[in-house]
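Q: I am new to this structure and would like a short tour of it. Could we begin with a loop and go on from there?
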Amino acid sequence: MTENHLTKLAVAIGISLATTTAIASPQQPMSSRSFAMAGTGVAVAHPASAGLSNPAMLAADQHNWSDDFGLILPSVNARFADEEETIDQIDDIQDTIDDFQELNRASESDEARRIAGDLRRQLNEFDEDTVRVDAGLTIAAAIPTDEYSIGFFTTGNLRTTVRGELDDQDDALLRELETADELTLATADLDRDLQSRGSILASAVIEVGVSLARSMELSDGNSLQIGFSPKYVQLRTFQYTERVSGFDDDDFDSSESETTKSGLNFDLGMAYTFGDDNEWTTGAVVKNVIPMDLESAASRPELGEEKRKLKLHPMVTAGIAHRGDFHVLTAELDLTEKEAFGYEDDTQWLALGAEFDVLRYAQLRAGVRQNLASNDDNEGIEEETQFTAGIGLSPFGARLDIGALFSDADLGAAIELGVAF
């Protein structure tokens, strides 16, 4: 290996991102407005984003200037978490292996022993370190009317994780090389002997659907909205494992590392608007009513790969919101827990979001959410408390929404273009 030679792991990461970013992942899709408001939307979604959060909101009263037509073209968001700078560690490990292999170990035995010690330390620090990338893409449109409302959406979200795994035999081998004689050092071949590895695990989901909703005026002056979103869903997993010492030696075959599954599914939602001025809204949604499962390929069991199951099971979320002329305040709770697919936390979010309107043409947004399912037993990066913020600009019906997310582990951003009138 040389510094100018692409490592097999780097190639694998690039291929996994290139082949699945347009398809997406099991993370819930959301608009940039929702992203900036801690992922909320069940009781506050605008018509164009109703298919992402709660189809019933397609028929709910909004600000007068956004009730008739909405378009998202497109909405993009991304998050990145790397607690231990995993990718940099991979580069450093490969450089250290190169240094050892290229050294004249017969005449520079002390330097060879030092490098072996450095490599053992690096591999121990690399063990179970994880980097995670999330990406999402949405295109949607909505045509609300007084009787029935209709919307269209296509969404995709991707989650890719890269994780280091130390082989105990490598630790023993390098410990021996730290005190080995010249002959042992000269005949050592780390490219051949090291078994520690890097693993890539990615999951993706694409959805293409239609939302239908109706609002019904009740005898007490309040209103009830119901919504239904039939959709086509494709699941995809990608699993790839390679030894740190063999990243350049084996051919990469994506077909052996991927699995896919497609089917029909649907979401159900409702919203209830009440109060003297209909300023309160409660909402609930059941997403992915039909359970769908997909197992990963695990094509390299000799390197420790195990089959993992991507689960797209029913998710129930409830929310409440208060809306005024210049503000929206909302609280939201997942009533079901989402099981982790790979090196990550289970999730069950409790979220608070706020939006403040400035003369219709600008909006300031903020939010916070807490993962009630986070625990220390997860295999990867923990997701606990996340903070969000953002702005919206909407001159003459055109919209630009920008959001940001940060936590102890994550940094994220979202941007969206659209129209609403």
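A: This is a predicted model. Asn 278 is found in the loop that lies between strand S6 (258-274) and strand S7 (280-287).

Q: What is the phi of Asn 278?
A: The phi of Asn 278 is near 55 degrees, which is a positive value in a residue other than glycine. Most residues other than glycine have a negative phi, and most peptide bonds are trans.

Q: Speaking of peptide bonds, which residues are joined by a cis one?
A: Leu 73 and Pro 74 are joined by a cis peptide bond, with omega at about -15 degrees. Pro 74 belongs to strand S1.

Q: Let us turn to helices. How do H4 and H5 pack?
A: Helix H4 (residues 86-102) packs with H5 at an angle of about 160 degrees, and their axes are 10 Å apart. Angles over 145 degrees count as roughly antiparallel, and H4 and H5 are therefore roughly antiparallel to each other. The crossing in which H4 passes H5 is left-handed.

Q: Which residues meet there?
A: On the H4 side they include Ile 90, Ile 93, Ile 97 and Phe 100, and on the H5 side they include Ile 115, Ala 116, Leu 119 and Phe 126. By class, this contact of H4 with H5 has 10 nonpolar, four polar and three charged residues.

Q: And what about H5 and H6, at what angle do they cross?
A: The axes of helix H5 (residues 109-126) and helix H6 (residues 168-177) cross at roughly 155 degrees and come within 8 Å. H5 and H6 are therefore roughly antiparallel to each other. H5 passes H6 in a left-handed crossing.

Q: Which residues of H5 meet H6?
A: Arg 113, Ala 116, Leu 119, Arg 120, Leu 123 and Asn 124 of H5 meet Asp 170, Asp 171, Leu 174, Arg 175 and Leu 177 of H6. The classes in this contact of H5 with H6 are five nonpolar, one polar and five charged residues.

Q: Changing topic, how many cavities of 30 Å³ or more are there?
A: The count comes to five cavities of 30 Å³ or more. The largest cavity holds about 100 Å³ of space.

Q: What lines the largest cavity?
A: Its lining consists of 13 residues, and those nearest the centre of the cavity are His 46, Ala 48, Ser 49, Arg 399 and Glu 416. Strand S1 (70-82), strand S15 (398-406) and strand S16 (410-420) are the elements that give two or more residues to this lining.

Q: What is the lining like by class?
A: The lining of the largest cavity has four nonpolar, five polar and four charged residues.

Conventions: Residues are numbered from 1 along each chain as its sequence is written. This is a predicted model: local features need pLDDT of at least 70, side-chain atom pairs count only at pLDDT 80 or more; totals for chains, interfaces and linings use all residues. Side-chain values use heavy atoms; hydrogens and water are left out. On a 1 Å grid over the protein atoms alone, a cavity is a set of points where a 1.4 Å probe fits but cannot get out, and a pocket is an open set with protein on both sides within 12 Å along at least five of seven lines; lining residues have an atom within 4 Å of a point. Grid points are joined across faces, edges and corners, and a volume is the space filled by probe spheres set on the points. Helices (H or I, at least four residues) and strands (E, at least two) are DSSP runs, numbered from the N terminus. Ala, Val, Leu, Ile, Met, Phe, Trp, Tyr, Cys and Pro count as nonpolar, Asp, Glu, Lys and Arg as charged, and the others, Gly among them, as polar. Axes are lines fitted to C-alpha atoms, for helices over the stretch in contact, and angles run from 0 to 180 degrees between N-to-C directions. Angles under 35 degrees count as roughly parallel, over 145 as roughly antiparallel, 65 to 115 as roughly perpendicular and the rest as oblique. A crossing is left-handed if the near helix is turned anticlockwise from the far one by less than a right angle, and right-handed if clockwise. Contact means heavy atoms within 4.5 Å.
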